[in-house]
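This briefing walks through one protein chain, topic by topic. Please keep the structure open beside the text.

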Amino acid sequence: MCIQYTETVSIEEGAMSDSNGGAALPGGTPPTGEDPHPLDGPQHFSGAASHAVRDELQTLIERDLLGPWDGPHEKFRSRAMGPRERYLVGMLGPRPPAIPTADAAGDVPDGEASAAGGGEADLPDITSPQALGRMWASSMGLSFCVAADVDAVAVRAAWGRYEQREEEDDDGKKTRPWTREPEQYDRTVDLTADGAQRIPLLAASADGPGVHLRVAVRTRDGRRTVEIALLNQQTEPDSNKDTAWIFQPRLTVTARDGAAPVFLPVD
């Protein structure tokens, strides 16, 4: 498809004139005494290879969608919404508490239970209204293989924690902008014991177990298969719910010395 665009420019006599009465040129030359717009002049760009432009574009997209856009200690503008509204990906919500079976049974409408014949095996799968709207990822992790003689690895868990802090603006008014605080925890994970283990990171509060690493190790055929997950089990507050969320989570696993080639192909 071809689109043609035609523009007609007409200048009335005396409509555009400089201080001496001369008409301005149709090419966009401003009258005498006015500075030209920066985009009206020649544009000069620094030389960059295609891969450098691609890397810069990737960085901008990552900062915009994942964050943090304005650095590890970024601060939102006054009255801005929370980080869940600002970013689209890379967030772990607090794990909802398990609903007892007796309580969940009350969510099944009586009419549907009777229509199914009253048999327990015939009850339909129904998501309770309490569970709707609380379906989000609460954990992320990775798996890898090491030789059986590797008894430990180093794990670094990092994320951003956002909270509202009261401060005064230039006019003396008190505001509560969202501010990011980086969290980072380094742990040495023991791989000698099979089964699951939990490693605390963020200190547990009286209302919840906090944030921890869940590690599962299986030994087979002269190698160890390890699964490590970062799990958010903080208690969601009644207000400022974003304070219980984890943003921009990252897990890094290395050998204990940070350099030894201990990882094996998964297959």
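D221 forms a salt bridge with R220, and the closest N and O atoms are 3.7 Å apart. Both D221 and R220 are exposed. The model is predicted. The count for the structure comes to 12 salt bridges.

**Around D221**

- D221 is found in the loop between β8 (210-220) and β9.
- The relative accessible area of D221 is 71%, over the 50% cut-off, so D221 is classed as exposed.
- A148 is 73 residues from D221 in sequence. In space, the two C-alpha atoms are 8.6 Å apart.

**The salt-bridge network**

- Side chains of opposite charge can pair when their charged atoms come close.
- E163 and R161 meet through their side chains in a salt bridge, at 2.9 Å from N to O.
- E163 also forms a salt bridge with R165, at 2.9 Å from N to O.
- E163 has a relative accessibility of 23%, so this residue counts as partly exposed.
- R161 counts as partly exposed, because its relative accessibility is 24%.
- R165 is partly exposed too, with a relative accessibility of 36%.
- R161, E163, R165, E181 and E183 belong to one network, joined by salt bridges that share partners.

**K173 and its loop**

- K173 lies in the loop between β4 (167-168) and β5 (174-175).
- K173 has a relative accessible area of 55%, so K173 is exposed.
- Neighbours within four places in sequence aside, K173 is in contact with E167 and E168.

**Aromatic pairs**

- The structure holds 5 aromatic pairs.
- The ring centres of F76 and Y162 are 5.7 Å apart, and the planes stand at 40 degrees, so this pair is tilted.
- F76 and Y162 link distant parts of the chain, 86 residues apart. F76 sits in the loop between α1 (50-65) and α2 (83-86). Y162 belongs to strand β3 (residues 152-164).
- Both F76 and Y162 are buried.
- The rings of W136 and W245 make a tilted pair, because their centres are 4.9 Å apart and their planes are at 50 degrees.
- W136 and W245 also link distant parts of the chain, 109 residues apart. W136 is in the loop between α4 (110-115) and β2 (139-147). W245 is in the loop between β9 (223-233) and β10.
- W245 is buried, with a relative accessible area of 5%.
- Ring pairs link F76, Y162 and F247 into a cluster.

**A charge over a ring**

- R63 lies over the face of W69. The distance from the ring centre is 4.1 Å.

**The open sheet**

- The chain has 4 helices and 11 strands.
- An open sheet is formed by 4 strands, in the order β1-β10-β3-β6. The pairing is antiparallel.
- Which strands stand at the edges of the sheet? They are β1 (91-92) and β6 (178-190). Each has a single partner strand, so one side of each is left without a neighbour in the sheet.
- β1 pairs with strand β10 (residues 246-255) in the antiparallel sense, over 2 bridges.
- Strands of a sheet pair through backbone hydrogen bonds, either parallel or antiparallel.

**The chain as a whole**

- The chain has 267 residues, and 25% of them count as buried.
- Among contacts in the chain with a separation of 6 or more, 60% come from residues 24 or more positions apart.
- The chain exposes about 18600 Å². Carbon and sulfur atoms supply 50% of that area.

How values were computed. Residues are numbered from 1 along each chain as its sequence is written. This is a predicted model: local features need pLDDT of at least 70, side-chain atom pairs count only at pLDDT 80 or more; totals for chains, interfaces and linings use all residues. Side-chain values use heavy atoms; hydrogens and water are left out. Two strands pair if DSSP finds at least two bridges between them. Rings of Phe, Tyr and Trp (its six-membered ring) pair if their centres lie within 6.5 Å; planes under 30 degrees apart count as stacked, over 60 as edge-to-face and the rest as tilted. Buried means under 20% relative accessible area, exposed over 50%, partly exposed in between (1.4 Å probe, protein chains only). A charge sits over a ring if NZ of Lys or CZ of Arg is within 6 Å of the ring centre and within 35 degrees of the ring normal. Contact means heavy atoms within 4.5 Å. Accessible areas come from the Shrake-Rupley method with a 1.4 Å probe; for residues, only the protein chains shown count as cover. A salt bridge is a side-chain nitrogen of Lys or Arg within 4 Å of a carboxyl oxygen of Asp or Glu.
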